[in-house]
Amino acid sequence: MFVPLLLVGCWDERLYKNSSVVSLTGFEGEMGDVTAYYAYPEATTTEMKTIIIIGKGMSPRAVRQNAELKVEQTLDLSVLSAILISEDTAKDDIYEYLDIYFRDAANPITPKVAIIQGDLKPFFELSEQKVTTAGEFYNRFITSLEENSMVIPYTLQTAGSVLFEQAQDLALPYIKMDEDKPMADGVALFSGRSFTGETLSSEQGLLLNILNESLGHAARITYLYEESPVSIRVNKSKRNISVSEDKIEIVQKIEVVVTEFPQDHLKEKQVREKLQKFISEKIEKDMNEVMKKLQEAKSDAIGLGRIVRAYHPSLYKKDWNDHFSTLDIPIKVEVEIVKTGILY
Amino acid sequence: MQTGFVFTSYQNVLIQHGQQDSTIQFSVIAIVFFLQLVFFERMHKYFLLNRFTKILYLIYWSCYIIVFVIYITYVLTTWVFPNTPDIVLIAIFLSVCFYASVSRPETAINIGVVLLPMLILFLVFMFLAIPDLHATNLLPLFHERKDTWMMGFIYSTYAFGGAEMYVMLRKYVLNNEKINKKVLVIYFITVASFYLLSIIFTLMFFSLEEIKLVPEPILYILHSLEVTFVKRLDLFFIYIWLSWSLVAIVNYVLVIRLVYFEKKRKAPILQQFIFYTVIGVISTFLVRFSVLDFFKVYLVYGIILFTFLLPIIIILVNKIRGRTVSEKGTSS
């Protein structure tokens with residue numbers, strides 16, 4: 001019964017030693033004139049270095065064919081860890097560039113995806129100096145952002161799924177080069193299958209994650225309170241959504257842990273309530289700004305459309321992006337301090 | 001028999017037509033299937049095949065096996081062995097089936113039991129996808145039905161193809177004894193839940209537009225999971241599914257053997273060899289996307305006829321005529 005297992009040793013044998021195992025890829029340009037970068041590790045007797053291959057062509061598949069002409073071994077994308085897309089390219093229909101990754105069963109569909117500000121080349125050249133593989137570096141970089149709740153966690157597959165979902169839009173990590181080092185610069189907002197050109201800052205990205213109920217291991221916010229810092233970590237958050245004809249009201253209940261408050265004395269109810277009120281108002285103001293940006297970009301990144309379609313189908317419109325941008329969506333925030341650390 | 005062929009793909013056609021209502025449509029058909037099982041259990045003594053119906057069933061099962069083999073080969077070449085020639089895959093696959101078929105009948109039946117733990121393993125893998133599921137995808141129900149909404153009921157029957165084997169094999173299992181209703185209920189709940197779970201997972205994992213593009217949703221869900229102990233979970237499942245499919249084919253051939261030779265020969269090796277060779281040759285020529293697409297749309301009508309309608313007609317006609325199995329011994 002398990003005889004077919006042995007077949008992998010015949011026609012479909014693929015040995016790593018015969019392949020250039022690409023861990024990071026990226027593309028820029030437009031359909032018809034695409035440039036793609038492939039980074040793969042090459043081990044010598046003394047060190048392991050990253051080789052960058054550039055291919056040009058009319059489509060992502062043609063680009064890969066072109067890149068194959070420049071390597072002594074076949075490019076193998078079976079351990080691909082990250083895909084970087086130039087922001088100008090992402091303004092097109094992004095699925096057109098991703099189709100080849102979904103279509104071939106040998107390709108993994110779990111790599112991280114990010115939108116890059118400016119040229120891709122410096123991001124790849126940087127990986128030449130890394131000890132780990134280039135893809136692994138960017139994969140860990142994005143995973144770290146997700147764990148700190150700066151960006152919504154997406155893989156290639158989950159991102160691709162949202163591209164086909166009319167009731168939700170994509171929000172991918174937005175990375176820029178800062179003094180020769182990659183730096184997260186917030187969240188790139190999509191409307192339908194295209195990048196809108198609008199981004200949220202990293203702080204706004206965190207609030208987006210609270211609204212989307214996709215918090216990572218840590219979500220920390222800092223404000224200045226009476227000229228003294230107050231930092232909180234979001235312990236738990238729950239949103240209640242009520243939908244009417246032209247209005248969606250969101251009540252966001254957030255339980256927080258105070259992680260920095262030099263003024264102390266949180267044992268006193270009056271101090272605590274005053275601080276809770278201050279944080280609630282601050283977060284509420286910031287969240288409403290985030291929502292305003294989402295609506296301006298026609299980007300329902302928190303999937304309100306899914307809820308309206310499921311529970312209020314008569315209010316759901318096919319052109320959800322346009323409809324979403326016209327709705328009145330006030331957000332009310334109720335913060336409760338549930339822990340204060342080992343000090344009051 | 002019911003877990004092999006269609007399990008990886010029927011969600012695609014069903015959800016395309018029934019959309020969110022697929023879960024309800026499937027549940028309705030599942031209840032019909034249960035009632036039919038109860039009917040079969042009560043009336044199985046009237047299930048006698050005459051020469052004409054026997055030929056009809058033999059042709060149907062042979063075609064079913066051919067489609068089965070074509071689909072298995074197509075999936076294997078798409079997901080696992082893109083460079084291996086079809087003929088090699090078919091030859092190896094059918095050789096194993098042939099070996100199991102010429103062994104004692106119990107061998108074919110028991111292999112299925114051995115594979116049961118695999119089922120639990122598969123479910124564990126599927127549950128790893130829970131963080132990526134969207135419960136809101138299951139709703140709204142009965143809203144903006146498509147023109148082809150009714151086809152959802154039709155395609156739900158895919159899950160119960162092969163149920164005619166119950167009434168075919170019933171007389172060989174327990175002679176003049178009733179099967180406990182509790183056993184039937186447990187069997188029904190197990191099969192129906194297994195299929196319903198696959199529909200629910202598919203609906204919650206993919207958007208409706210996306211499902212149209214994914215012919216094997218269950219494999220795709222497993223493909224999208226990242227675990228530390230294996231690079232590709234989908235391959236793991238394909239081997240499990242391959243084993244189920246193999247058992248299903250062997251069981252079909254066993255029934256063909258029982259119906260065609262009426263137990264007169266113990267193990268007709270040469271005839272079975274010829275049968276498998278013919279199946280292999282035909283399948284080799286038909287492994288292509290267009291053929292599979294055709295069968296994916298139309299095979300379900302064969303299932304409705306041969307699994308649901310014809311057995312009922314045969315039983316009713318024999319009941320009116322007063323003919324029972326006991327009058328003809330255990331031969332059909």
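This is a predicted model: local features need pLDDT of at least 70, side-chain atom pairs count only at pLDDT 80 or more; totals for chains, interfaces and linings use all residues.
Residues are numbered from 1 along each chain as its sequence is written, and chains are lettered from A in the order in which they are written. Local features need pLDDT of at least 70 and side-chain atom pairs pLDDT 80 or more, whereas totals for chains, interfaces and linings use all residues, and side-chain values use heavy atoms, without hydrogens and water.

Colleague: Is Glu42(A) buried, partly exposed or exposed?

Modeller: Glu42(A) lies in strand β3 (residues 33–43) of chain A; strands are DSSP runs of E with at least two residues, and helices runs of H or I with at least four, numbered from the N terminus. Buried means under 20% relative accessible area and exposed over 50%, with partly exposed in between (1.4 Å probe, protein chains only). Because its relative accessibility is 26%, Glu42(A) counts as partly exposed.

Colleague: How far apart in space are Glu42(A) and Ser20(A), C-alpha to C-alpha?

Modeller: In sequence, 22 residues separate Glu42(A) and Ser20(A). In space, their C-alpha to C-alpha distance is 7.9 Å.

Colleague: What is the relative accessible area of Asp33(A)?

Modeller: Asp33(A) also belongs to strand β3 of chain A. Asp33(A) is partly exposed, and its relative accessible area is 48%.

Colleague: In which helix is Ile24(B) found?

Modeller: Ile24(B) is partly exposed, with a relative accessible area of 31%. The element of chain B that holds Ile24(B) spans residues 22–43 and is helix α2.
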